[in-house]
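Take a first look at the model below. The text after it walks through a few places, one at a time.

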Amino acid sequence: MVKRFGVSLEENLLKSLDDFVLKNRFPNRSRAIRHFIKTNLVEKKWEDNKEVAGAIILVYDHHQRDLQAMSTEVQHRFYKLILSTQHVHLDHNNCIETITVKGKATELKELSDSLISLKGMQHGKLVMTGMV
Ligand code: NI
């Protein structure tokens, strides 16, 4: 059930909220505030090392010696955290890999760090999200 409540804000803060709503294409203030609360709750879960979900995005040149073998090695070491791995060939050289993960925040961070720091990895990012 959705409940309504009043919010008191300084004029400049309200202006900032309205700018955010417009710039980020939220249909109204409520949806933007809901977004802020959920973002905060997800961040708190990560900070408290709760069970969370996310995605690790990796970009690399598949010609890089041993990189794919090392990546597979790491992924097998952490296989319990991995829900899926998607590999797409971006062009002749470059691959993008999206690894969907679920588990304790520190374990996901450890997996992500182990992959991103592999020799030859061009770019990597852990997107932290979760169930709230
Ligand atoms: Ni590829």
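Which residues does Gln122 touch, not counting residues up to four places away in sequence? They are Val59, Tyr60, Asp61 and Asn94, where contact means heavy atoms within 4.5 Å. Before going on, note that this is a predicted model, in which local features need pLDDT of at least 70 and side-chain atom pairs count only at pLDDT 80 or more, while totals for chains, interfaces and linings use all residues. Residues are numbered from 1 along each chain as its sequence is written, and side-chain values use heavy atoms, with hydrogens and water left out.

Stay with Gln122. Its place is in strand β4, residues 121-129. Helices (H or I, at least four residues) and strands (E, at least two) are DSSP runs, numbered from the N terminus. The side chain of Gln122 makes a polar contact with the side chain of Asn94 at 3.4 Å. Such a contact is a pair of N or O atoms within 3.5 Å; within protein, one must be able to donate a hydrogen and the other to accept it, and residues adjacent in sequence count only if both atoms are side-chain atoms. Gln122 counts as partly exposed because its relative accessibility is 46%. The scale runs from buried (under 20% relative accessible area) through partly exposed to exposed (over 50%), with a 1.4 Å probe and protein chains only.

Is His89 buried or exposed? His89 is exposed, at 60% relative accessibility. Cys95 is buried, at 2%.

Now turn to charge. Side chains of opposite charge can pair when their charged atoms come close. The structure holds four salt bridges, each a side-chain nitrogen of Lys or Arg within 4 Å of a carboxyl oxygen of Asp or Glu. One of them joins Asp19 and Lys15 at 3.0 Å, N to O. These two are separated by about one helical turn, because they sit four residues apart in helix α1, residues 11-23.

Another salt bridge joins Asp18 and Arg29 at 2.7 Å, N to O. This pair links distant parts of the chain: Asp18 lies in helix α1 and Arg29 in helix α2 (residues 29-47), eleven residues apart. Asp18 is partly exposed at 25%, and Arg29 is partly exposed at 40%.
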